[in-house]
Amino acid sequence: MSEMNIVQAINRTLRDAMKEDPDVLVLGEDVGVNGGVFRATDGLIREFGAERVIDTPLSETGIIGTAIGMSLYGLKPIAEIQFLDFIYPAFDQIVSELAKFRYRSGGQYPAHVVIRAPYGGGIKGGIYHSQSTEAYFCHTAGIKVVIPSTPSDARGLLFSAIADEDPVLFLEPKRIYRSLTGEVSDSQEKVPFGHARVVREGSDVSVFAYGAMVPVAQEAADALGRDGVSTEVIDLRTLVPLDEAAVLASVEKTGRAIIVHEAARFCGFGAELSAILAEKALYSLKAPVLRVTGYDTPFPYALENVYLPNPERVVRAVRQSLQAG
Amino acid sequence: MTSPARAVEPLPYEPSDLGEKLGSDWDELLRRGFRWMLLGRALDSRMQMLQRQGRVGFYGAATGNEAVNVAGGLASRPEDWVIPGLREQLVALVRGHPLPTYVHHLFADSADPALGRNMPCHPTAREVNYVSMSSVVGTQISHATGVAYGQKLRRDGGATLAFFGDGATSSNDFHAGLNFAGVFDLPVVFCCANNQWAISHPVAKQSAVPSLVSKSSAYGVSGRQVDGTDFVETYQALSSALDRARRGDGPSLLEFVVFRMTPHSSSDDPGRYQPADWPMRATRRDPVERLSAWLLGQGLISEQDRTSWEATADAEVRSAIQVAEATPAPTPESLTEDVYASRSYPRSRPKE
């Protein structure tokens, strides 16, 4: 075990995966000599060379399109998109190509690419270095969407992503890249997809979160606990595949559900979660499902702290739910 | 002598030139190539007819592109990869994909390896390194770059052929794919089959440069414009670009100028946009008739050979159609297969 932050856990995991399997390679903008703008690929080029740690021209569609071709050939590319905000030139490659290769070829050409992208606000990144647009990708069949919230999960989920046979969008909560450290195993143990993590057990209300919103939910739960409210916090870990059983089990127990994400509310992932609860847990619910989310605006620069959900907003939603019935 | 109905631009070769251009077995190569071109034509004519009869849902003919496709199939080696654009199905057949399997695909039946999930003319043939294609224009170009990166990294001795049309030269991935291939110096041959029309849009309005191949210099990629209706020149250009790639001398862009001899697809009406003399101009540059006239003129084939080969090709196509029409549709259960590697996802299914 070693104490490390999320960036260090990702860096370490990439190194271990590349050491283990010569087919694994990393490509993206500034990932080689510079070690990535967040240093997630720091040192890899020295250890594995420029053929496997590839500094690419500045073109996201080129990065993902090339990674798809590498995967068809039999390599295991891990592409870095510098910020999720810059992924859209590759949207066509992800949605039209990567997600559909296995299906449209009848399984002859599965394309397995891991796309790593830092996402989310809280670093004063303004409109174009802050967005959380995971919902666009969750809507497309054929890709998996993974968001770790701890150093240990970052390692275990990244190992799973690299070993997985499907394309994986691996979103990294850049706000807590370094602010949060934890014990990380030296082993290569995987955290399986589709298994939510119960961050803390509770009996009065369930709060569902992922990525950088998990610590926000925890802080809210701490505050509520001081007032005698027992809050269950569930970290979804993987949005696709979703651990629906864990979501339903928690709500069947508490009867109240709060969904927290920093993405805009309208058609956000919380809308799907809320629909699942309406379809499958309505008779367990004592109060309406509530969402604490970013607003339906572009991501702001000066007003970042107004936009982002914080523990106070989560506490307010919990109280509203408790008062509802 | 050719009959007036087959009046075409003659191929400008003397038999004595061809050993150097095509190798010592050049006459056999031309006969083989010609027979494949006849198969392509038989397939196009039969399938267009069936589409009009409502027996297949859609068809995109490659009439006019036969020299490029057959040469691509014959000049490439088994270890090479083919990334198709739109009209390259004949490349897969020449490389060994069975015709009956392809016809199952056209009928989208349960014997289609991709279980009828695609519109017709979007086959996948892994056994001949023929990659699955989407209907999006241009995205495949950077896939070719990635495959070629693998070939270079693993030093497997192979090269990648990437196909696309004139319209795709305006796409994002034409730029990205050629740029990456130039920067990484990859063993890839980009083949632009410029049939001069992107549905209704003429190539002169697709790009302000007079020849698309001039774009290659912006990427540090070798470029050559080729008469894609001349089988000899086409084969020679492809062979030498593939050799260059295999030697490690880097990527090429070949612009094959061809003439679209059919509508864009079975859903198109070119009477709305093509000039009245286009069909006549295209007919003069018909790759099949150009090669036919030359082979007949040199006495390398007889009219009788041609007639009998055409009959054989049509019989093969018809027999494959008969089998496909008797094959059941894909099962409803197959709807949710191959979305992910595991069938535990997706969760939503019919009859839920």
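Two strands count as paired if DSSP finds at least two bridges between them. The exercises below apply to a predicted model.

**Exercise 1.** Find how many bridges join β2(A) to β3(A), and state whether the two strands run parallel or antiparallel.

*Solution.* Start with β2(A), residues 24–28. Three bridges link this strand to β3(A), and the two run parallel. Within the pair, Leu27(A) faces Ile54(A) of β3(A).

**Exercise 2.** Give the strand order of the open sheet in chain A, and explain why one side of β3(A) and of β12(A) has no neighbour in the sheet.

*Solution.* Step one: the sheet has seven strands, ordered β3-β2-β4-β5-β7-β6-β12 in chain A, with mixed pairing. Step two: β3 (53–55) and β12 (238–240) of chain A are at the edges and each has a single partner strand, so one side of each stays without a neighbour in the sheet. Step three: from one strand to the next, the twist averages 20°.

**Exercise 3.** Describe the contact between the two domains of chain A.

*Solution.* Chain A is split into domain 1 (2–184) and domain 2 (197–323). Their C-alpha centres are 26 Å apart. Domain 1 of chain A supplies 27 residues to the contact and domain 2 of chain A supplies 24 residues. On the domain 1 side, α6 (134–138), β6, α7 and β7 of chain A each give two or more residues.

Technical notes:
Residues numbered from 1 in each chain as written. Chains lettered and ligands numbered in written order. Predicted model: local features only at pLDDT ≥ 70, side-chain atom pairs only at ≥ 80, totals over all residues. Helix = DSSP H or I, 4+ residues; strand = E, 2+ residues; numbered from the N terminus. Axes fitted to C-alpha atoms, helices over the stretch in contact; angles between N-to-C directions. Domains from an automatic or database assignment. Contact = placed C-beta atoms within 7 Å.
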